[in-house]
Amino acid sequence: MNKVSALIISVIVGLLLVYSESEFPKWSDPNQPASLHVSPRYIEKTVEETKVPNAVTSVLADYRGYDTMFETSVIFTAGVAVMMLLRRPKNGKRPQ
Amino acid sequence: MVRDLNDIIVRTGARILIPFMQIYSLYVYAHGHISPGGGFQGGCIMAASFILLAVAYNLHESKRRLKEKRNAIFCSLGVFIFAATGLVPVLFAGNFLDYGKWSKVLFTDPIMARYYGMAFIELGVQITVMAAMVSIFLDLVTAGKHEEVFEEEKINGDNGRQV
Amino acid sequence: MEIMVGKFNYWIYIILIMVGFYGMMAKNNLMKKLIGMNIFQWSIILYYISIGAKKGGTVPIIMDTHSAAGQAIRAIDYINPLPHVLMLTAIVVGVATTGIALALLIIIYKKYGTLEEDEIIEALKK
């Protein structure tokens, strides 16, 4: 793919994103939909249900602990996959 | 394959920094409840200390302090700690990953049991992240040929390396 | 002009997305394509974190539960912690993807002797 057509395609993608930006909320607006539904409950109840003052740690480890467990298995799988791709037995001998 | 870096400034700087980096990573993990931090951040800093040792000295030095087999055991030990912390509440008629039921084993109230459960799983996350990052680095740097590097060193000698 | 001043953070991330996308498509070297993918990924992570800002809010660490007047904790004083949590997972997934991509590049270099895309496609056609 030559460079001129790649430039045209990426400018078209940028213009599409700029067009959809007109409906987004303003920056640091307290009433945007991202901060309204479940996140005030996490902030208000985190010290009374678990005595942890850090809201980020309590959401990561307690309220959404299932996602953290599978993310740990993702990094473990990446380590195993790099080992499997790069280590080859020499002289064609298979390890026993 | 990985030659010795005979630079005295890098060696002296690494000698001063590495113990402080390891203690700092444990500090960042332990204060995850009160200040920004936690398991991922502490694990990355600890892996960075082993990588700095491999860059400033020889690759042999880093593998002498954290052996290959022990690294692989650490990699799966972290995931095991996480899953075990989640499965023990199932034995006491609770949900999976419901740390309130640990209060029957630890003899505290359910709110403090959630506090301690979070500390356990962050420990598992730290161990896995550190082992996986060191393992990926060692594999990419030597292109998979770990054992041949060390057999070459034994045959050719140490090249007069200063300690 | 209101669209430029009130929403200026979206402009920065749109420019970064365009740069990363162009780098993935137009460059010939495989390593440069990988760097373009990395730029694309990090710009999405930064965009998500910028959503969670609030005017006059502080860091979401709740230190004093019983303040001087004895009032409850109000959620409007603290910024949104949820995008930070989701992006921690995304950063780790990005690191894993980059590590495996670099391992694949090492194998391609060993087999074909080059990292340019058109030479590899010519070698595949034979």
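## Start at helix 4 of chain C

Keep in mind that this is a predicted model. The buried residues of helix 4 of chain C are covered by elements from three chains, including helix 2, helix 3 and helix 4 of chain A, helix 2 and helix 6 of chain B, and helix 3 of chain C. To see what is being covered, select L82(C), P83(C), V85(C), L88(C), V92(C), A96(C), G99(C) and A103(C), the buried residues of helix 4 of chain C.

At 1.5 Å a residue, the 31 residues of helix 4 of chain C should span 45 Å, and the end C-alpha atoms are 45 Å apart, which agrees.

Bring in residues 30-51 of chain C, which form helix 3, alongside helix 4 (residues 82-112). The two pack at an angle of about 175°, with axes 10 Å apart. Helix 3 and helix 4 of chain C are therefore roughly antiparallel to each other.

For the contact itself, show side chains. On the helix 3 side, pick L30(C), M31(C), L34(C), N38(C), Q41(C), I45(C), Y48(C), I49(C) and I51(C). They meet P83(C), H84(C), L86(C), M87(C), A90(C), I91(C), G94(C), T98(C), A101(C) and L105(C) of helix 4 of chain C. Colour this contact by class and you get 14 nonpolar, five polar and no charged residues.

## Into the nonpolar core

Next stop: the largest nonpolar core, with 48 residues. Which of them touch the most other members? Select V59(A), I75(A), V129(B), M130(B), A132(B), M133(B) and V134(B).

Several helices each supply at least two residues of this core, among them helix 4 (65-86) of chain A, helix 6 (110-142) of chain B and helix 4 of chain C. Helix 6 of chain B gives the largest share, twelve residues. Zoom in on M133(B) while you're there: leaving out residues up to four places away in sequence, M133(B) touches C44(B) and A47(B).

Notes:
Residues are numbered from 1 along each chain as its sequence is written. Chains are lettered from A and ligands numbered from 1 in the order in which they are written. This is a predicted model: local features need pLDDT of at least 70, side-chain atom pairs count only at pLDDT 80 or more; totals for chains, interfaces and linings use all residues. Axes are lines fitted to C-alpha atoms, for helices over the stretch in contact, and angles run from 0 to 180 degrees between N-to-C directions. Helices (H or I, at least four residues) and strands (E, at least two) are DSSP runs, numbered from the N terminus. Angles under 35 degrees count as roughly parallel, over 145 as roughly antiparallel, 65 to 115 as roughly perpendicular and the rest as oblique. Two residues are in contact if their C-beta atoms, placed from the backbone, lie within 7 Å. Ala, Val, Leu, Ile, Met, Phe, Trp, Tyr, Cys and Pro count as nonpolar, Asp, Glu, Lys and Arg as charged, and the others, Gly among them, as polar. A nonpolar core is a set of buried Ala, Val, Leu, Ile, Met, Phe, Trp, Tyr and Cys residues joined through C-beta atoms within 7 Å. A residue is buried if 20 or more other C-beta atoms lie within 10 Å of its own, exposed if 12 or fewer, and partly exposed in between; C-beta atoms are placed from the backbone. The expected span of a helix is 1.5 Å times one less than its number of residues.
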